[in-house]
Amino acid sequence: MIGLTLLAVALPCAAQTATPAPASRFAGWASVIVAGDWRSHTEPIQAFDNARRDLVAGFLKAGFSRADMYDATLRPDVPDPVTAAAAVEAIAATTARATRGCLIYFTSHGAPEGMVFGPNRQISPTMMAQLVRNWCPDRPTVLVVSACFSGIFVDGLAAPNRMIITAARRDRTSFGCGADATYPYFDGCIIDSLPTASDFIALANATRACVKRREEAEALTPGSEPQVSIGSTMQFLLPTLRFTPQAPPGGPPVAVAAATARPAG
């Protein structure tokens, strides 16, 4: 009898169900994360691919869907390598399938003329602007270009429906692509800031502060000065596009874990 009484008391608790998680604000958004290079000036490195891997994980936790995400490395020394042309086609297919918005993130080397995009390929600002117009013409779009001199892309990409974040000014290098670096510094700061950022504006601000702190701590000059451009429509929309809340990761911040600094461009 006592056992039956205890069971009756316990049942209501066992029958309770967890409150469903709110729908992500990024449902129906396409997301793209591509590592465009795999080399330092003298040897293969892992920094860009490490960033791609952990950016994928970070943006999935922030609310992006794996079903609508495309990620790739363009390094040729892997099984079944992805060519630049194949990546462009896959991005087009992803953005054609998920049409509510776009997140496009490239991490690579850069030069004053453009960004490395696979072996012996480079995307110029004019080419980038045309690709983005084809992929995400009128929908809300966030573009992140992590490379030296990546500020060259801001003017050609700027539009009311776009937010653009670059790792450096148009005339500055960024840092962190040596063989001993876990990530390029800018990517590491994005990864480190994502768990506690509420939205893309907060993420951009936290990342810029993180990069500045690290460069000053390591006496790296001139500073890369990451750039942010927000179109008029996106200024009103971005505060409503909140990331899925996350618990801060344990252990030391990812963005301060790498060793000797080298320019990422």
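Which residue lies over the face of Trp 38?

1. **Charges over rings.** Arg 39 does, at 4.1 Å from the ring centre of Trp 38. A second case is Arg 214, whose charged end sits over the ring of Tyr 185, 3.6 Å from its centre. The criterion is NZ of Lys or CZ of Arg within 6 Å of the ring centre and within 35 degrees of the ring normal.

2. **Basis.** This is a predicted model, in which local features need pLDDT of at least 70 and side-chain atom pairs count only at pLDDT 80 or more, while totals for chains, interfaces and linings use all residues. Residues are numbered from 1 along each chain as its sequence is written, and side-chain values use heavy atoms, with hydrogens and water left out.

3. **Overall fold.** The protein has 8 helices and 9 strands. These are DSSP runs, numbered from the N terminus (helices: H or I, at least four residues; strands: E, at least two). Of the 265 residues, 50% count as buried. Buried means under 20% relative accessible area, exposed over 50%, and partly exposed in between (1.4 Å probe, protein chains only). Accessible surface comes to about 12,200 Å². Carbon and sulfur atoms hold 59% of that surface. The areas come from the Shrake-Rupley method with a 1.4 Å probe; for residues, only the protein chains shown count as cover. Among contacts with a separation of 6 or more, 74% are between residues 24 or more positions apart. A contact means heavy atoms within 4.5 Å.

4. **Strand 7.** Thr 141, Leu 143 and Val 145 point one way. Val 142, Val 144 and Ser 146 point the other way. Strand 7 pairs in the parallel sense with strand 3 (residues 101–107), over 6 bridges. It also pairs in the parallel sense with strand 8, over 5 bridges. Pairing requires at least two DSSP bridges between the strands.

5. **Phe 106 and the aromatic pairs.** The structure holds 11 aromatic pairs. Rings of Phe, Tyr and Trp (its six-membered ring) pair if their centres lie within 6.5 Å; planes under 30 degrees apart are stacked, over 60 edge-to-face, the rest tilted. Phe 106 and Phe 117 have ring centres 5.5 Å apart and planes at 85°, so the pair is edge-to-face. Phe 106 belongs to strand 3, and Phe 117 to the loop between strand 5 (114–116) and strand 6 (122–123), 11 residues apart. Phe 106 is buried at 1% relative accessible area. Phe 117 is buried too, at 3%. Elsewhere, ring pairs link Phe 26, Trp 29, Phe 59, Phe 64, Tyr 105, Phe 200 and Phe 243 into a cluster.

6. A search of the whole structure finds 14 salt bridges. The test is a side-chain nitrogen of Lys or Arg within 4 Å of a carboxyl oxygen of Asp or Glu. One of them joins Asp 49 and Arg 75, with the closest N and O atoms 2.9 Å apart. Asp 49 sits in helix 2 (residues 47–62), and Arg 75 in the loop between strand 2 (69–73) and helix 3 (84–97), 26 residues apart. Both residues are buried.

7. Arg 169 forms salt bridges with Asp 171 (2.7 Å, N to O) and with Glu 225 (3.4 Å, N to O). Glu 225 is in the loop between helix 7 (200–217) and strand 9 (227–230), and Arg 169 in the loop between strand 8 (162–166) and helix 6 (185–193), so this pair ties together parts 56 residues apart in sequence. Glu 225 is partly exposed at 38% relative accessible area. Salt bridges that share partners also join Asp 49, Arg 52, Arg 66, Asp 71, Arg 75 and Asp 77 into one network. Asp 171 is partly exposed at 45%, and so is Arg 169 at 23%.

8. **Backbone points to check.** The peptide bond from Thr 221 to Pro 222 is cis, with omega near -10°. Pro 222 lies in the loop between helix 7 and strand 9. Ala 219 is found in the loop between helix 7 and strand 9, and has a positive phi near 55°. Ala 219 is exposed, at 61% relative accessible area. Asp 80, not a glycine, has a positive phi of about 50°. Asp 80 is in the loop between strand 2 and helix 3 and counts as exposed at 72%.
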